[in-house]
Amino acid sequence: MRLEGIIDKQADMTITLSPDQEQAVRAAIRAGRVASFEEFIDRALAYLPREDEALALSSPAARSVFEQGLGLFGGPEDAALLDEVVSIAYEERRRPSRRGPTL
Amino acid sequence: MTVEAILDTDILSEYVKGHDAAVAGRAAGYAGDHGVFTFTSVTVCEIVYGLELKGASRQLSKVMAWLKQNEEITSIDADYLAAATIKATARKQGSVVELPDCLIASIAVRLNQPLVTGNTEDFRAILRTGVNLAIENWR
């Protein structure tokens, strides 16, 4: 299947679809999910992330360890739980030895 | 450029809660320089112990998944020896310091990295033993 559409005003672009792709486009039109090839392309493009989103997704820093960790326990329940955990830990650290110094 | 540091349990906890702007800001700067955070196996043990005690399995899975992406320093034999010396010296000076603090301090000294803690009072007795420990507080 060869479909031609005007991608921009400067130049036409010819897109050659594989048999599977062609079948998917024809099935979508036949089922009334899209009215035309142009609408199919428009809908497909709408699913692509915007340029800034794509950059964010591709950047390792986007979901850095820092970002994943910050606020990981930010909810009230989790934060209170973590406060208890730290409190328990530091209580254990401060717990005096059972026997006092005998020096 | 920040220097590499060991984060103590309270500071790590404050950062994952994300409620303290000062800690979050310092952590952001640190992460920008070093990518991951460094803490000791003592901190991991304390977090696991507390969450196990509270039966918080979901939160335990969540925090462990994140902790594993960072750098955990496990105590070596030299740390235990140094911790014993700190503990004994402190006791001779009339202070009781427990093993977790001594081990964390020993690791920080061995790696020549400051310890980031809000628990400065508890480490004061360790500093009095003459150990070459640098302490920072991000709060």
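**First stop: a helix in chain B**

Select residues 41-53 of chain B, which form helix 3. Its 13 residues should span 18 Å at 1.5 Å a residue, and the end C-alpha atoms are 18 Å apart, so the two agree. (The expected span is 1.5 Å times one less than the number of residues; helices are DSSP runs of H or I, at least four residues, strands are E runs of at least two, and both are numbered from the N terminus.)

A word on what you're viewing: this is a predicted model, where local features need pLDDT of at least 70, side-chain atom pairs count only at pLDDT 80 or more, and totals for chains, interfaces and linings use all residues. Residues are numbered from 1 along each chain as its sequence is written, while chains are lettered from A and ligands numbered from 1 in the order in which they are written.

Stay on helix 3 of chain B and pick out Val44(B), Ile47(B) and Leu51(B), which are among its buried residues (20 or more other C-beta atoms, placed from the backbone, within 10 Å of a residue's own). What covers the buried residues here? Show helix 5 (76-94) of chain A and helix 6 (99-111) of chain B, both included in the cover. Just after helix 3, Gly55(B) takes a positive phi of about 65 degrees.

**Next stop: chain A**

Chain A has five helices and two strands, running β-β-α-α-α-α-α from the N terminus.

Now select the contact: 27 residues from chain A and 35 from chain B (C-beta atoms, placed from the backbone, within 7 Å). Helix 5 of chain A gives the largest share of its side, twelve residues.

Technical notes
A residue is buried if 20 or more other C-beta atoms lie within 10 Å of its own, exposed if 12 or fewer, and partly exposed in between; C-beta atoms are placed from the backbone. Two residues are in contact if their C-beta atoms, placed from the backbone, lie within 7 Å.
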